[in-house]
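Hi there,

Here is the structure I promised to pass on. Have a look at it first, and then read my notes below.

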Amino acid sequence: MLKKISYLVFIICTALPLWSQNEAANWYFGNQAGLDFNSGIPVAQTDGQLITTEGCAAISNPAGELLFYTDGTTVYNANHLQMLNGDNLLGNFSSTQSAIIVPAPGNSNLYYVFTVAAQGGADGLNYSVVDMTLDGGLGGVTAIKNVRLDNPYLVAEKLTAVLHTDGEQVWVISHRMDSNRFIAFLVSSSGINTTPVVSAVGRNSGSGGAGAIGYLKASPDGKKLASAKQYVLSDLELFDFDASTGIISNPMLLNQDAGYGVEFSPDGKRLYFSIFSSNIYQYDITQPDLASIIASRTLIATGSFAALQVALDGKIYVTKNVFTEKTNLAVIHNPNNLGAACNFQYTGPSLGGKTSELGLPPFIQTFFLQYIMRLVHIYTELYRK
């Protein structure tokens, strides 16, 4: 037994630097609001330049130093100035998930900024490349800018990303409008594979721009996908995701409410869901079948809520759609726990006088995987062998 414990400690200590990544340490969103998670607790940042209703994204280096952030149209550098060539991207401040930022595998200087238009607009899904060696290390958008993906299809206001099972490549996932087709693009050291993995599964997104609204999230372990739709065919759907192939399967319709925010607990066992400008619910997705998952639905908070986003501290933060309450976020302190034990707090971290709107920045969901759990799993599998 002592040898087993020593081996586990050795694995954790040697692998810890790989999992002590702080790319999601800095958030910018809403009306010049921001949070810094480097200290282990959220600290208000009041130097941000974003004024955005929904769309926002940010990225830091592995040490937690801010690199840049965006509303999907303008990119701001670490000095909070417009980045070199960082204007006129094809996202939109009113797109649910206007942008998501993905570090280029194998090149620590390059980043891909994926953007989606508002309400299934004509600009569709695009990517631009940021090179952090430009402008004296402050970075710049290169000539590879607003490159259309999945043309001529229009896409919903949905973007999420999760690591491939190889731990290096990244899947970027969106959804085509007026169809039931998810699209998953693989980002590797060779670039972006512009031929997506297409999964025709689940309900149609509906026609008309309103059918585009609502969050899409992958679970941190890359095994599940959840999608909310606010209008037209309103619903919340849960899927299986194969992070080795990019295939989405096993659709489960959990409700037909006007969905907006979705988020998984760090351990991937609970799914949280906000009805737009209404309540927050929790589902226990470890239940063995659809009926049992639906029956597990638990009211977590009453009020008027919007986005849900897990953070590096393992908590889920929530925006409030009440004008007088936007100077702080709500927070779910223990999202792995069932029901009331998840410990919801209405008045969470202060935004230092700035205010949130509807959206919070999405990240590669695997940033939030609890590394101890994964290492213990690795150790267990090695020991069994």
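Let's start with a charged pair: Glu263 and Lys217 meet through their side chains in a salt bridge, at 3.0 Å from N to O. By salt bridge I mean a side-chain nitrogen of Lys or Arg within 4 Å of a carboxyl oxygen of Asp or Glu. Glu263 belongs to strand S21 and Lys217 to strand S17, so this pair ties together parts that are 46 residues apart in sequence. Strands here are DSSP runs (E, at least two residues), as helices are (H or I, at least four), and the numbering runs from the N terminus. Both Glu263 and Lys217 are buried. For that word the cut-offs are: buried is under 20% relative accessible area, exposed is over 50%, and partly exposed is in between, with a 1.4 Å probe and protein chains only.

Before I go on, a bit of housekeeping. This is a predicted model, in which local features need pLDDT of at least 70 and side-chain atom pairs count only at pLDDT 80 or more, while totals for chains, interfaces and linings use all residues. Residues are numbered from 1 along each chain as its sequence is written, and side-chain values use heavy atoms, with hydrogens and water left out.

How many salt bridges does a search of the whole structure find? The count is ten. One is between Lys145 and Asp87, at 3.3 Å from N to O. These two link distant parts of the chain, 58 residues apart: Lys145 is in the loop between strand S10 (140-141) and S11, and Asp87 is in the loop between strand S6 (75-77) and strand S7 (99-103). Asp87 is partly exposed, because its relative accessible area is 27%.

Another salt bridge joins the side chains of Arg203 and Asp235, at 2.8 Å from N to O. This pair also links distant parts of the chain, with Arg203 in the loop between S16 and S17, Asp235 in strand S19, and 32 residues from one to the other. Are the two partners buried or partly exposed? Arg203 counts as partly exposed because its relative accessibility is 22%, whereas Asp235 is at 0% and so counts as buried.

Aromatic rings

A pair of aromatic rings is described by the distance of the centres and the angle of the planes. Rings of Phe, Tyr and Trp (its six-membered ring) pair if their centres lie within 6.5 Å; planes under 30 degrees apart count as stacked, over 60 as edge-to-face and the rest as tilted. The structure has 17 aromatic pairs. In one of them, Phe182 and Phe239 have ring centres 4.9 Å apart and planes at 75°, so the pair is edge-to-face. Phe182 sits in strand S14 (residues 181-188) and Phe239 in strand S19, so to speak a link between distant parts of the chain, 57 residues apart. Phe182 is buried, at 1% relative accessibility, and Phe239 is buried at 1% too.

Tyr215 and Tyr260 also make an edge-to-face pair, because their centres are 5.4 Å apart and their planes are at 85°. Tyr215 is in the loop between strand S16 (197-200) and strand S17 (216-218), and Tyr260 is in strand S21 (residues 259-264), so the pair ties together parts 45 residues apart in sequence. Tyr215 is buried at 0% relative accessibility, and Tyr260 is buried with a relative accessible area of 0%. There is also one aromatic cluster, formed by Trp27, Phe37, Tyr317, Phe363 and Phe368.

Most residues other than glycine have a negative phi, and most peptide bonds are trans. Which peptide bond is cis here? The one joining Asn151 and Pro152 is, with omega about 15°. Pro152 is in the loop between strand S11 (147-149) and strand S12 (160-163).

Ser277 is not a glycine, yet its phi is positive, about 55°. You'll find Ser277 in the loop between strand S22 (270-275) and strand S23 (278-284). Asn343 is not a glycine either, and has a positive phi of about 65°. Asn343 is in the loop between strand S26 (330-332) and strand S27 (344-345), and is partly exposed, with a relative accessible area of 36%.

Happy browsing!
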